[in-house]
Amino acid sequence: MTRTDLLWRSLLYVPTNVPRFVEKAHLRGADGIILDLEDSIPPGEKSTARDMLQDAAAQVGQNGADVLVRINQPLELAVRDIEAAINPRVRALQLPKVEGPDHVRLLATLVDRLEVERGMEPGHTLFAIMIESATAFLKINEIAAAHPRIVAIMIGGEDLSLDLGMEPAPDTLQYPKQQSVIAARAAGIIPLGLMGTVADYQDLDSVRENALRSARFGLEGASCIHPAVVPLLNEAFSPSPEAVVRAQRIVEAYEQSIAGGRGSIEVDGHMVDVPVVLRAQRLLAREAVIKSKISS
């Protein structure tokens, strides 16, 4: 069963070394802020970005958003990034270009040691995994279940498309994205991402449609590179008021039916049995998590 204590409908990338973006990130309404040490940071600025990381984490998390840090993939950079990132302010590391389960376990060993050395609760730092190559995709099931720190998995659409020699589009990415949902559910973690790509953020109507479609496929949230996309993701990956009302009717009617000795009923002209009820209960549970996060 996928964990329900995390709510990552929207994850906003912020370049760690750009103060004007860092200073406003907490105002954007994202469930999580990803402080980037990877693609948005030029090679010559990596060290500076690491030095700025903890102050940035304090700033972007001040309204309660979870703080994630996207590290670099080459091991020599990953080690330095992790050493800079491990702190109670940072809830998770985003691990890009994961190569296999052993890759995850190697990085987890370093995090284990750093948490102990820094007096942190063991297991505090979670992992969000990015699958971005054909080799990694063929191991997606093993990677998703590689370590207890892993709580989410996503397909890096641009990099995977590059590796596969295809265009990053909703139709070409549908299979790998669907596979990520299956791998995530089997491992009890959260599937993240859009059925297309996060690169095109200016056509907000298209982004909204893509996000709603992604939610129908079972994805629970997505990352974005522009704050204008955040409210669209929050809306798309939240149950609609109409869906909440219908779910409540289904659960209430089924409970009454069971009390009366019947196992299936009809609600709004549709047959309702156990899978339908469980889906409705899951929707109401997600709505409760959203309300609790917003009110806290």
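**Helix 4.** I started with helix 4, residues 101-117, in this predicted model. I counted 17 residues, and the helix reaches 25 Å from its first C-alpha to its last. That is close to the 24 Å expected at 1.5 Å a residue.

Next I asked which residues of helix 4 are buried. My list reads Pro101, His103, Val104, Leu107, Ala108, Leu110, Val111, Leu114 and Glu115. I then looked for what covers them, and found that the cover includes helix 3 (75-85), strand 4 (92-95), strand 5 (126-131), helix 6 and strand 6. Just after helix 4, I noted that glycine 119 takes a positive phi of about 70 degrees.

**Arginine 149.** I found this residue in the loop between helix 6 (140-144) and strand 6 (150-155). Is arginine 149 buried or exposed? I count it as buried, because its relative accessible area is 4%, under the 20% cut-off. I then checked its partners. Its side chain makes a polar contact of 2.8 Å with the side chain of glutamate 115, a buried residue of helix 4. The side chain of arginine 149 also reaches the backbone oxygen of threonine 125, at 2.9 Å. Beyond its neighbours within four places in sequence, its contacts include Ala108, Val111 and Phe127.

**The cores.** I looked up the largest nonpolar core, which has 64 residues. Helix 4 gives the largest share of this core, six residues. Apart from it I found another core, of 15 residues, with Leu11, Ala92, Leu126 and Ala128 among them. I wrote a reminder to myself: in soluble globular proteins, nonpolar side chains tend to be buried together.

Technical notes: Residues are numbered from 1 along each chain as its sequence is written. This is a predicted model: local features need pLDDT of at least 70, side-chain atom pairs count only at pLDDT 80 or more; totals for chains, interfaces and linings use all residues. Side-chain values use heavy atoms; hydrogens and water are left out. Helices (H or I, at least four residues) and strands (E, at least two) are DSSP runs, numbered from the N terminus. Buried means under 20% relative accessible area, exposed over 50%, partly exposed in between (1.4 Å probe, protein chains only). A polar contact is a pair of N or O atoms within 3.5 Å; within protein, one must be able to donate a hydrogen and the other to accept it, and residues adjacent in sequence count only if both atoms are side-chain atoms. Contact means heavy atoms within 4.5 Å. The expected span of a helix is 1.5 Å times one less than its number of residues. A nonpolar core is a set of buried Ala, Val, Leu, Ile, Met, Phe, Trp, Tyr and Cys residues joined through side-chain atoms within 4.5 Å.
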